[in-house]
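Work through the exercises below with the sequence and the structure at hand. Try each task before reading its solution.

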Amino acid sequence: MGTTGIIGGGIVGVALARALSARGDDVTVLEKEHRLAEHQTGHNSGVVHAGLYYKPGSLKATLCAAGRVSIREFCAEKGLPYREVGKLVVAVDESELDALAEIERRSTANGVPDLARIDGVGRLREIEPHVRGVAAVHSPHTAVVDYASITEAMAQDVRAAGGAIRLGHEVTGIRREDGRVRVTTPVSEDVFDRLVVCAGLQSDVLALLVGADPSPKILPFRGEYWELAPERIDLVRGMIYPVPDPRFPFLGVHFTRGVYDSVHVGPNAVPALRREGYTWLQWSAKDTWESLRWPGAWPLAKQHWRMGVDEISGSLLKPLYFQKARRFIPELRQSDLTRKSAAGVRAQAWGRAGELLDDFAVDQVGPITLLRNAPSPAATSSIAIAHHVIEHYLVNGA
Ligand SMILES: Cc1cc2nc3c(=O)[nH]c(=O)nc-3n(C[C@H](O)[C@H](O)[C@H](O)COP(=O)(O)OP(=O)(O)OC[C@H]3O[C@@H](n4cnc5c(N)ncnc54)[C@H](O)[C@@H]3O)c2cc1C
């Protein structure tokens, strides 16, 4: 299949490089940072989703189901931690029962293994002894992992198969030449037969370099976490999630017992003022201005301003955030929560009409394949996304 360049050393780019190099292909990954998994992949919740939420038949639904199994097998093969701590999606009152029934319907359609409907607080508390709620769905095979370690292990396979992973190589130029692609960084120049762009928060910037449609653009949403005091982690055995608001692509404030046994609460979803802006103080006039002048900005603001105000208030005022978390665990005290320094920034694609793209999205421009939307559960789905891209874009053509 000739030479393939991949931009982006997050889990999606590295999973693709691994799948290609396992076939004997000549692969080079170009990553601008000095280590892999520096952005979304190294700043996420570490959950291996079982596919409860996604629209049946969507790429998210099918690739998450296949990806979960592949990640589990990869962790077993490499001796990496993989813990099936299980997840409860909890309706705290009757008003959430219809939305919970929809999650149950989607989970069944998506083949979520061993999913169970739980009614009544007694049965709920057998699974999570401190939770409050009227009903829930329980997914016992939802798991937690360390995606940065998984990416490193995948990269070792790439190198062992003869592939190259070049860190500190920020792609600044892409030019099509006689059916091939010339890719430049400040320190290198290569010509590849094909190029795949897996650039997360920068995917729209690179799409412009390639001459692709400017839409969808990336809207960076920061997710901030709180951590439960070590002496209080027994309040949570696995994962406790709210019933999500179907109008919004994020899952709401939840509790997760991570792979190294700490319990985090979050992430919320506040606008990041820079693509890679991990705190309120990291601000880019250019990124903010570009978001504000996008045609979808005002329709989006009109539709979601209430949710935005609510999320921003919760980010700035701990008591408001605490009240949201306490809905699920009445024994929680405000002093149990400490702000975690590490936040994550989600690359959420949005269109010209202000719509937030729900499904994974891939574009093709000549010999260049672009991942335009790879938000959660793209870490879970990474190995399946790699096979999907190879099958539909690199081998058979789009
Ligand atoms: C707060 C949060 C929680 C999440 N929780 C989960 C979860 O529990 N489970 C799950 O499955 N998913 C989760 N996700 C989503 C998941 O992390 C992402 O979908 C996934 O990591 C995307 O991987 P990626 O490789 O596409 O992007 P990234 O990991 O962002 O990698 C893109 C890479 O491209 C590089 N790059 C960009 N521009 C250039 C350039 N010009 N030249 C060279 N390199 C470039 C960047 O430096 C970066 O390393 C979460 C995300 C966030 C932010």
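**Exercise 1. Which residues of β4 point one way, and which the other way?**

Solution. Step 1: sort the side chains. Lys87, Val89 and Ala91 point one way from β4, while Leu88 and Val90 point the other way, and all are buried. Two terms are needed here. Buried means under 20% relative accessible area, exposed means over 50%, and partly exposed is in between (1.4 Å probe, protein chains only). Helices (H or I, at least four residues) and strands (E, at least two) are DSSP runs, numbered from the N terminus.

Before going on, note the basis of these values. The model is predicted, so local features need pLDDT of at least 70 and side-chain atom pairs count only at pLDDT 80 or more, whereas totals for chains, interfaces and linings use all residues. Residues are numbered from 1 along each chain as its sequence is written, and side-chain values use heavy atoms, with hydrogens and water left out.

Step 1: judge the strand as a whole. Five of the five residues of β4 (residues 87–91) are buried, so the strand is largely enclosed by the rest of the structure.

Step 2: find the partners. Two strands pair if DSSP finds at least two bridges between them. β4 pairs with β6 (residues 135–139) in the antiparallel sense over five bridges, and Ala91 has Ala135 as its bridge partner in β6. β4 also pairs with β15 in the parallel sense, over four bridges. There, Lys87 has Met239 as its bridge partner.

**Exercise 2. Which residues does Val389 touch, not counting residues up to four places away in sequence?**

Solution. Val389 is found in helix α10. With a relative accessible area of 2%, Val389 is buried.

Step 1: list the contacts, where contact means heavy atoms within 4.5 Å. Val389 touches Leu16, Val196, Thr369, Leu371 and Leu394.

Step 2: Val389 and Gly120 are 269 residues apart in sequence and 44 Å apart in space, C-alpha to C-alpha.

**Exercise 3. Why does the distance between the end C-alpha atoms of helix α2 (residues 59–78) agree with its number of residues?**

Solution. Step 1: work out the expected span, which is 1.5 Å times one less than the number of residues. For the 20 residues of α2 this should be 28 Å, and the end C-alpha atoms are 27 Å apart, so the two agree.

Step 1: look at the cover. The buried residues of α2 include Leu63, Cys64, Ile71 and Phe74. Among the elements that cover the buried residues of α2 are α1 (11–22), α5 (147–160) and α10 (378–395).

Step 2: look past the helix. Gly79 follows α2 and has a positive phi, near 70°.

**Exercise 4. Are the loop residues Ala37 and Asp261 buried or partly exposed?**

Solution. Step 1: take Ala37, in the loop between β2 (26–30) and β3. Its relative accessible area is 8%, so Ala37 is buried. Ala37 has a phi near 60°, a positive value in a residue other than glycine.

Step 1: take Asp261, in the loop between β16 (254–257) and β17 (263–266). Its relative accessibility is 32%, so Asp261 counts as partly exposed. Asp261 has a phi near 80°, a positive value in a residue other than glycine.
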